[in-house]
Protein chains: 2
Amino acid sequence: MNIVFKALNDPTRREILEMLQERDMTAGEIAEQFTISFPSISHHLDILKQAKLVIAEKEGQFVYYSLNTTVVDDIMKWFLQFKSKKK
Amino acid sequence: MNIVFKALNDPTRREILEMLQERDMTAGEIAEQFTISFPSISHHLDILKQAKLVIAEKEGQFVYYSLNTTVVDDIMKWFLQFKSKKK
DNA sequence: TATATATTTAGACAAATGTCTAAATAATAT
DNA sequence: ATATTATTTAGACATTTGTCTAAATATATA
């Protein structure tokens with residue numbers, strides 16, 4: 001859980017997640033959308049991967065990234081505890 | 001939104017939120033539950049307050065902290081975008 | 001007024017984070 | 001085989017973060 005919140009605590013990484021919600025993309029396609037360097041984006045992707053928020057699949061020389069929504073479900077469950085209490 | 005994810009990115013602060021989900025507590029009561037110093041807890045409470053995740057109300061010499069669930073709702077909405085897409 | 005209690009503020013410091021450039025790895029094309 | 005393209009790894013560096021102790025502020029009590 002810690003690692004997931006850590007991964008979400010960066011605007012670039014959250015934007016990557018939003019992009020991947022639209023369609024799967026290669027590392028290069030993702031990096032093109034930002035002004036920061038390719039290695040920095042690669043590092044962000046690694047953090048998202050560690051948190052299992054994204055899945056990476058190699059196809060030839062490209063690496064396709066896609067969203068892993070099951071972890072999003074887990075986070076949602078954590079937040080739901082704050083809704084259950086009757087006021 | 002940035003400030004909220006930042007506030008959530010710490011296990012102590014998340015634990016404070018879970019404690020406040022049970023009942024309102026004073027800064028001192030909260031601090032007692034942890035091994036870290038009072039000033040550190042005070043700092044954590046300040047970050048939660050900045051994110052509007054908690055509300056602080058002074059009563060005499062005590063400061064009561066309570067959960068602000070409306071911000072939790074906003075976060076949930078952000079996560080919901082990842083559920084809407086049909087696969 | 002002086003003292004005790006509750007909490008925050010200030011300043012220091014080590015560890016973690018986000019960024020960069022340069023180099024390495026891997027696959028494809030000439 | 002060599003060059004090109006896609007991506008990651010390594011190392012450096014400035015900024016941010018979480019923690020601490022000491023001091024300050026605010027309220028209540030003797």
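Which element gives the most to the surface near DNA strand D? In this predicted model, the answer is α4(B), with five residues.

## The surface near DNA strand D

Let's start with the elements involved. At least two residues each of the surface near DNA strand D come from α3 (27–32), α4 (38–50) and β3 (62–67) of chain A, and from α4 (38–50) of chain B. Sorted by class, this surface holds eleven polar, eight nonpolar and four charged residues.

There are 23 residues around DNA strand D, and those that come nearest are Gly28(A), Ser42(A), Tyr65(A), Ser37(B) and His44(B).

## Polar atoms at the phosphates

Both chains place polar atoms by phosphate oxygens of DNA strand D. From chain A, a polar backbone atom of Ala27(A) is 3.4 Å from one. From chain B, the side chain of Lys6(B) has a polar atom 3.5 Å from a phosphate oxygen, and an N or O atom in the side chain of Asp10(B) also lies 3.5 Å from a phosphate oxygen.

## A look at Trp78(A)

Now for a residue in helix α5 (residues 69–84) of chain A: Trp78(A). Because its relative accessible area is 10%, under the 20% cut-off, Trp78(A) counts as buried. Its C-alpha atom is 23 Å from that of Ser66(A), twelve residues away along the chain.

Beyond its neighbours within four places in sequence, Trp78(A) is in contact with Met1(A) and Phe5(A), and with Leu8(B), Arg14(B), Leu17(B) and Glu18(B) from chain B.

Key: Residues numbered from 1 in each chain as written. Chains lettered and ligands numbered in written order. Predicted model: local features only at pLDDT ≥ 70, side-chain atom pairs only at ≥ 80, totals over all residues. Heavy atoms only, no water. Near = heavy atom within 4 Å. Polar contact = N/O pair within 3.5 Å; in protein donor to acceptor, adjacent residues only side chain to side chain. Helix = DSSP H or I, 4+ residues; strand = E, 2+ residues; numbered from the N terminus. Nonpolar A, V, L, I, M, F, W, Y, C, P; charged D, E, K, R; others polar. Buried < 20%, exposed > 50% of the residue type's maximum accessible area, 1.4 Å probe, protein only. Contact = heavy atoms within 4.5 Å.
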